[in-house]
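Please read the points below alongside the model.

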Amino acid sequence: LARYAYVDGRYTPHDAASVHVEDRGFQFADGVYEVVSIIGGRMIDMQGHIDRLERSLDALDMAAPLSRPVLTMIMRELIARNRVDEGIIYLQVTRGVAPRDHKFPTGIKPTLVMTTKRVDFRNQKRLSEGVKVITIPDIRWARCDIKAISLLANCMGKTQASGAGAYEAWQVDAEGRITEGTSSNVWILTRDNKLKTRMLGPEILRGVTRDSLIRIAREEGIEVVEEAFTVEEARECREAFVTSATSFLTPVVQIDDTVVGNGVPGSLSCRLQRWYLDYSSGLRETA
Ligand SMILES: Cc1ncc(COP(=O)(O)O)c(C=O)c1O
């Protein structure tokens with residue numbers, strides 16, 4: 001099956017797709033991105049992802065490469081051409097190509113790239129069995145609310161997690177409070193049964209999955225407390241999980257050397273996961 005990438009106006013065979021060496025994405029990581037999951041050929045939370053893309057572009061004074069309807073049309077076209085029933089679409093916008101100079105250049109055309117990948121999300125063992133995470137210091141910059149392509153600290157953290165046999169690394173701020181995973185938001189059910197996830201701010205990315213799950217939980221009458229929590233509080237929690245477009249709601253059963261609850265996904269986590277999976281397969285309406 002031919003697989004295409006979209007690069008600046010063209011659908012190119014994936015293996016041959018490339019951008020210029022002086023693209024600012026390549027030179028400076030001067031760009032932003034989105035990852036949207038696809039189930040049954042349909043993008044999940046597309047509006048939320050495009051909204052966030054616009055916020056990221058605005059925050060960096062970057063022009064949108066295309067209007068929203070055209071962008072959406074191209075995403076759908078690439079998914080159709082690559083016959084992705086289940087998987088992801090990756091979209092990246094960089095400031096464009098210019099002679100290397102730190103200062104933002106003006107009057108250049110942004111670069112737009114899209115690729116897709118097939119992933120069999122729902123049959124992954126980690127959704128039913130849960131995962132282990134480690135905790136690491138958060139060494140990232142002070143604008144983690146921007147979905148920038150500069151992910152070196154996140155890559156280092158994920159590699160460290162993998163080396164420790166863990167799925168994710170939870171990053172910890174200078175006050176000992178968890179910010180987020182290297183590619184996910186973090187949630188716990190506390191000793192006193194509060195479902196907590198860190199409040200929005202420049203320290204974390206506003207996850208589109210986080211937004212949807214907050215909405216679903218509230219519709220089910222479950223209160224969500226948006227508040228920071230420490231590593232100690234997390235180690236003593238009843239349940240824990242992470243959310244992201246590609247991991248959905250993945251239960252966490254071990255934090256460093258501490259087993260969470262009974263070492264199996266908690267009951268609230270399982271219910272929330274079921275509701276979220278129903279929602280993402282189009283079986284559940286939300287506001
Ligand atoms: C640092 C970080 N936090 C949170 C998330 C979760 O965001 P979303 O639910 O929109 O995928 C991601 C997603 O990749 C991420 O990279």
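1. How far does a polar side-chain atom of Thr-209 lie from an oxygen atom of the ligand, and what is the distance in Å? The separation is 2.6 Å. This qualifies as a polar contact, a term used for a pair of N or O atoms within 3.5 Å.

2. The model is predicted, so local features need pLDDT of at least 70 and side-chain atom pairs count only at pLDDT 80 or more, while totals for chains, interfaces and linings use all residues. Residues are numbered from 1 along each chain as its sequence is written, and side-chain values use heavy atoms, with hydrogens and water left out.

3. Around the ligand there are 19 residues, counted where a heavy atom lies within 4 Å. Those that come nearest are Arg-52, Glu-180, Val-208, Thr-209 and Ala-245. Glu-180 places a polar side-chain atom 2.6 Å from a ligand nitrogen atom. For Lys-147, a polar side-chain atom is 3.2 Å from an oxygen atom of the ligand.

4. Helix H6 (residues 208-219) and helix H8 (residues 267-280) have axes that come within 10 Å and cross at roughly 110°. Axes are lines fitted to C-alpha atoms, over the stretch in contact for helices, with angles from 0 to 180 degrees between N-to-C directions. H6 and H8 are therefore roughly perpendicular, the class for 65 to 115 degrees. Their crossing is right-handed.

5. On the H6 side, the contact (heavy atoms within 4.5 Å) is made by Thr-209, Ser-212, Leu-213, Arg-215, Ile-216 and Ala-217. H8 supplies Leu-272, Trp-275, Tyr-276 and Tyr-279. By class, the H6 and H8 contact has 7 nonpolar, 2 polar and 1 charged residues.

6. The axes of helix H2 (residues 46-59) and helix H3 (residues 68-81) come within 12 Å, crossing at roughly 125°. H2 and H3 are therefore oblique to each other, and the crossing is right-handed. H2 contributes Met-46, Gln-47, Ile-50, Asp-51, Leu-53 and Glu-54, and H3 contributes Arg-68, Leu-71, Thr-72, Met-75 and Arg-76. This contact divides into 5 nonpolar, 2 polar and 4 charged residues.

Note on methods:
Helix = DSSP H or I, 4+ residues; strand = E, 2+ residues; numbered from the N terminus. Parallel < 35°, antiparallel > 145°, perpendicular 65-115°, else oblique. Left-handed = near helix turned anticlockwise from the far one by under 90°. Nonpolar A, V, L, I, M, F, W, Y, C, P; charged D, E, K, R; others polar. Polar contact = N/O pair within 3.5 Å; in protein donor to acceptor, adjacent residues only side chain to side chain.
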